[in-house]
Amino acid sequence: SFYQMRPVIRPEIQRMLTEEFYPPLNTASMPGNMGALRVPAEDIQAWATHQRQQRGVKMLAVAGALKNLSSGILQRSLKRSINRGGREKQQ
């Protein structure tokens, strides 16, 4: 009977918030409501700030890749145009 009443979801959510989030989100059970968790506002702010910074880093990487891709396409297109122009003048 003891094992049937053992909490399952709350401990798993607490583990996830501390182990799978960076920076970790610390939690505390609420007195009088053991199913509710309190997460400090500072932890949420730190996590949100980190997420914004990481998104910015990822966007810069994507922008760099697109720039490299587009400049390569542009260079090939210009070379083809130049080559076609030279052939048209010869004809």
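Q: What do the buried residues of helix 1 pack against?
A: The buried residues of helix 1 pack against strand 1 and strand 2 (33–38). Helices (H or I, at least four residues) and strands (E, at least two) are DSSP runs, numbered from the N terminus. This is a predicted model, in which local features need pLDDT of at least 70 and side-chain atom pairs count only at pLDDT 80 or more, while totals for chains, interfaces and linings use all residues. Residues are numbered from 1 along each chain as its sequence is written, and side-chain values use heavy atoms, with hydrogens and water left out.

Q: Which secondary structure makes up the protein chain?
A: The protein chain has two helices and two strands, and along the sequence these follow the pattern α-β-β-α.

Q: Which residues of helix 1 are buried, and what makes them line one face of the helix?
A: Arg 10, Gln 14 and Leu 17 are buried in helix 1. Viewed down the helix axis, the buried residues fall within an arc of 65°, so they line one face; the arc is taken from the directions from the axis to the C-beta atoms. Ile 9 and Glu 19, on the other side of helix 1, are exposed.

Q: Why is His 50 called buried?
A: Buried means under 20% relative accessible area, exposed means over 50%, and partly exposed lies in between (1.4 Å probe, protein chains only). The value for His 50 is 19%, so His 50 counts as buried. His 50 belongs to helix 2 (residues 41–90). Over the protein chain, buried residues make up 9% of the 91 residues.

Q: Which residues does His 50 touch, not counting those up to four places away in sequence?
A: His 50 touches Tyr 22 and Pro 23, where contact means heavy atoms within 4.5 Å. The peptide bond that joins Tyr 22 to Pro 23 is cis, with omega near -10°. In general, most peptide bonds are trans. Pro 23 is in the loop between helix 1 (9–19) and strand 1 (28–30).

Q: What makes Phe 21 and Trp 47 an aromatic pair, and is the pair stacked, tilted or edge-to-face?
A: The structure holds one aromatic pair. Phe 21 and Trp 47 form that pair, with 5.6 Å from centre to centre and 40° between the planes. Rings of Phe, Tyr and Trp (its six-membered ring) pair if their centres lie within 6.5 Å; planes under 30 degrees apart are stacked, those over 60 edge-to-face, and the rest tilted. The pair is therefore tilted. It links distant parts of the chain, namely Phe 21 in the loop between helix 1 and strand 1 and Trp 47 in helix 2, 26 residues apart. Their C-alpha atoms are separated by 7.8 Å.

Q: Which residues is Phe 21 in contact with, leaving aside its neighbours within four places in sequence?
A: Phe 21 is in contact with Met 16 and Trp 47. Met 16 lies in helix 1.
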